[in-house]
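User: I would like to learn how to read the features of a two-chain model. Please take them one at a time, with the general idea before the case.

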Amino acid sequence: MSDMTRRDFAKMSAKGMALISVPLLFKADPLAALAGLPAEGGKLADYYTHFGVDEDLIRKVMAVALERGGDYCDVYFQHQINNWIGLEDNDVNRAYSNVDFGVGIRVLEGDQTGYSFTEEITPEAMKMAAKTAANIASQSKNAPPTKYNQVKCPDYYPIKTAWEDVGIDQKIPYLQRINDLVFAAGKRVIKSKIWFEDESSYVLMATSDGKIAYDYRPMTTASVSVTAEQDGKREKSWYGRGPRAGIEYFTPDVVNYLADEAVRRTVELFDAVKPEGGEMEVVLAAGNSGILLHEAIGHGMEADFNRKGISIFADKIGKSVAKDFVTIVDDATLPNMRGSINVDDEANATEKTYLVKDGILKSYLHDHISSKHYGVNPTGNGRRQSFRHVPIPRMRNTYMLPGPHTKEEIIKSVKKGIYTESFTNGQVNIGAGDFTFYVQTGYMIEDGKMTAPVKDINIIGNGPKVLSDIVMVGDDLKQFLGGGYCGKDGQRCLVSDGLPTCKVSSITVGGVSS
Amino acid sequence: MKKNDKLQLAKWAVSAAIKAGADQAAVDVSNSRDIETSVRDGQLDQLKESTQNSLSLTIYAANRYSSHSTNDIRKESLGKFISEAIAMTKYLTEDEFRTLPDPKYYEGRKDIDLGIVDSAYVDVTSEQRVQLARDLEEAARTRSDLVISCTSYYSDSTYGTAKVHSNGFEGVRDGTSFSAGAESTVKDGDKGRPSDWVWNTVRFLKDLPGSTEIGREATERALRKIGQEKIESGVYEMVVENRSASKLLGMMNSPMRARNLQQKNSFLDGKLGEKIASEKLTIIDDPHIIGGLGSRLYDGEGLTARKRTLIDKGVLKSYLIDCYYGKKLGLEPNGGSTSNVVFEYGNKSLDELVAVMTRGILVTGFIGGNSNDLTGDFSVGVIGLLVEDGKIIKPVNEMNLSGNLTELWNQLVEVGNDPYIYSSTRRPSFYFKDLSFSGI
């Protein structure tokens, strides 16, 4: 958290919203009764004030949680504010917002979980939730920690101005500018739709093994959809960005790129063809194609699936799974990237975790339960959608490191195949390993050259097989900068991915059959 | 929160919004209590239990529109929430099409009991919940020695909402739901660990199938996948079992929405009254089914819910028109969302449909994939069973089904007699001829 943000946060806790002149979307302190408390004594104290708790109250809640002998418990406070504004038919004429506030209490006995949350952060409501969560256990009582140690967090997403300090009047001009650029960029454009979202999530968490941590997690997403018409035919596409960043991210260059890229992707579709389906060589463009890693290996390496024995990667640690120039990481530490986190949702420090190093399977992605199960250090992947959810192992930014080939030589090596450029979604069956990703736009490759554009094709493969079929890796690693979510067990999580240009020797492409 | 408390709070918030400067306002207050129990590999795995509240506020002020929600429903917080929402709305551009619905659309609401509240809910005990989950898991686990891991789930929920509009709408509704399911993973030699699941949701506890039935089915479905592999690309017939057919039907929903018509983003634009599917396809939106998971007397905008035909023997009869985009298009609103979706059912069971296939794929699951609302083109991953001369030959996966939605629904030759009752979309199994599958 930057100094600026900390100050703003302190101000917000202490004074609430009333003194601000521009309409700031719900910078309200939900604990109005506590808003007058002084925000002195450093950052942790600010968070205590904000949530209306202190170390002693947390200890008392934990004492209730451990009353039936659970061997671990944690509490997770969250205050999240989301704002959306939308432009349609040339006007910014709609806005939405959501405020969410509460605390989740979890009790573990071994790997068994008791969970409850409350939206009222009062001692009574929290103790009631703790009592409910405690029901998982049935032993004699354990004691809460006598001392909490603050987990020192780095700042992977510095921002200049916290989103609560950015009024809607400051956001609207960006949408209008992008709309103007979209219509200026192409005569064929008939509709433009632009969405802008910002998110501020404040979290404070404590564990019964004595850790306490807090984090401010900003996020913003801009999405530009374009519909164009040519000779009576319509096409639609879109482009977006989704960093953990402040409004300063949207420089004139970024704004221009958002408009130009959305138009380019749309008008190109007028020339797109449907490929013939079947197995073929596939070249994955640098950047967004990292969705392949997310589906083909990332989920299968989440340790909950492995401790239960239901992943196709269970029992494969230390084995060769890919060519020796393939190294894949899951990295929480990339500056301002969507999947970065300063601390995970179980108060564990985060890191850059190697899933595959030089072709060898290295490490699963762990949460608290799985790191205990395997007797290893946590990797900082214990994440949750909100205080309503239990933490589970989740990816962060998953990408492949650069390899020995160039994009040019990779494309030149393909006789007949597909070059995939942009994606919308993917899915995987963890145990069987079959996974898909949906290609929104791409190109045919014929005799070493990119030819006609293609669109709307699903690609399906088997995770371990596709990993071993990665036969070329480019030197041009790019991160996907768009706004992706990952869904698992009914929980949504911010993630991103990245890839250098890569060639898979054979994978099934959806298309027409004769 | 009691039913009347929610209604009173909604009324208070509407008048507070008007006092603070809104011309019109709509408020929804809801709360729910959710309890979930799961058992994994013979041991209690998770117990979750919580209560939550939400208030959402839609504002129309000086021809401007915005919508906001919060879970902090104390009046002292809401006052500030409402005044900030209104202050913010004034920065938006005017939009003449945004108003609350004309009150004439509130008229004619039926006064019937939809049968969506199970009074037995309050009698369910923690012990019962755990026992149900244990029984489910045991049935799944003991079905085969090839089982690697099983997890079962039992959950129940009670919820209530109150809705108030400043131009005269008031509505309250409550509901209960009960879900039971299991997921099973089995060993497939060195090849993989196929899994499958069963997840059934009903309004009344007594309507849940037996735990043994659910648990065994989950494992049997996983066992059926042992040896699955892709087969050669080509043109195949396809039978989609009822529960999996939601994927294909869902792709038709978005292009039917007024928003996508107005935004020139629908391949169904201009197709009203035209034949867009085989005459075997009739789709009806029926809000008044007793005990239906989608049953309602009014929709999300307060419009009185009415039975309507969406597709009649392949002819597109109705779009899904909400008030805002209806006004923009100059069309009468009829409700922008569906309630219970029912079909004209055929007279063959799933087995009987499979028995008449010559060479095709019985689809038991879709994976990933997507569709293009504007063109109707789609491509989706397929998991299923190869059928030849009415007999199941072997399991297949890693295949893609690709085509165009208009072409797909025109290839429909037969509809099953087996509505899937664990969803608000009570789809039958569908039998299609000649579709493009990509594999080897």
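This is a predicted model: local features need pLDDT of at least 70, side-chain atom pairs count only at pLDDT 80 or more; totals for chains, interfaces and linings use all residues.

User: What radius of gyration does chain A have, and what would a compact globule have?

Analyst: The radius of gyration is taken over C-alpha atoms, and the globule rule is 2.2 Å times the number of residues to the power 0.38. For 514 residues a compact globule would be near 24 Å, and chain A, at 24 Å, agrees. The C-alpha trace of chain A spans about 70 × 55 × 35 Å along its principal axes. As for burial, a residue is buried if 20 or more other C-beta atoms, placed from the backbone, lie within 10 Å of its own, exposed if 12 or fewer, and partly exposed in between. By that count, 62% of the 514 residues of chain A are buried.

User: How many helices and strands does chain A have?

Analyst: Helices (H or I, at least four residues) and strands (E, at least two) are DSSP runs, numbered from the N terminus. Chain A has eleven helices and 22 strands.

User: Which strand pairs with S2(A), and in what sense?

Analyst: Two strands pair if DSSP finds at least two bridges between them. S2(A) pairs with S3(A) over seven bridges, in the antiparallel sense. The two form a hairpin with two residues between them, and A:Gly110 in the turn has a positive phi of about 60°. A:Glu109 has A:Gln112 in S3(A) as its bridge partner.

User: Is S3(A) mostly covered or mostly open?

Analyst: S3(A) is mostly covered, with seven of its seven residues buried. On one side these are A:Gln112, A:Gly114, A:Ser116 and A:Thr118, and on the other A:Thr113, A:Tyr115 and A:Phe117.

User: Which strand of chain B is joined to S3 of chain A?

Analyst: Strand S3 (residues 112–118) of chain A runs parallel to strand S2 (residues 43–61) of chain B, and three bridges join them. Within S2(B), A:Thr113 has B:Gln46 as its bridge partner, and A:Tyr115 stands opposite B:Lys48.

User: How many residues does each chain bring to the contact?

Analyst: Two residues are in contact if their C-beta atoms, placed from the backbone, lie within 7 Å. Chain A brings 71 residues and chain B brings 67 residues. On the side of chain A that touches chain B, strand S2 (residues 91–109) gives the most, with twelve residues. That side of chain A divides into 27 nonpolar, 29 polar and 15 charged residues. Here Ala, Val, Leu, Ile, Met, Phe, Trp, Tyr, Cys and Pro count as nonpolar, Asp, Glu, Lys and Arg as charged, and the others, Gly among them, as polar.

User: Which residues touch the most other members of the largest nonpolar core?

Analyst: A nonpolar core is a set of buried Ala, Val, Leu, Ile, Met, Phe, Trp, Tyr and Cys residues joined through C-beta atoms within 7 Å. In the largest, of 143 residues, they are A:Val282, B:Leu136, B:Val239, B:Ile361 and B:Val382. A second, separate core has 60 residues, including A:Val189 and B:Leu92.

User: Which domains does chain B have?

Analyst: Domain bounds come from an automatic or database domain assignment. For chain B it gives domain 1 (3–223) and domain 2 (234–244 + 348–438). Their centres, taken over C-alpha atoms, are separated by 30 Å.

User: Why does B:Asn372 count as buried?

Analyst: B:Asn372 counts as buried because it has 23 C-beta neighbours inside 10 Å. B:Asn372 lies in the loop between strand S12 (359–371) and strand S13 (377–388) of chain B. Not counting residues up to four places away in sequence, B:Asn372 touches A:Asp456 and B:Asp377.

User: Why is B:Asn417 partly exposed?

Analyst: B:Asn417 is partly exposed because 14 other C-beta atoms lie within 10 Å. Its place is in the loop between strand S15 (412–415) and strand S16 (430–438) of chain B. Leaving aside neighbours within four places in sequence, B:Asn417 has contacts that include B:Tyr345, B:Lys348 and B:Pro428.

Methods:
Residues are numbered from 1 along each chain as its sequence is written. Chains are lettered from A and ligands numbered from 1 in the order in which they are written.
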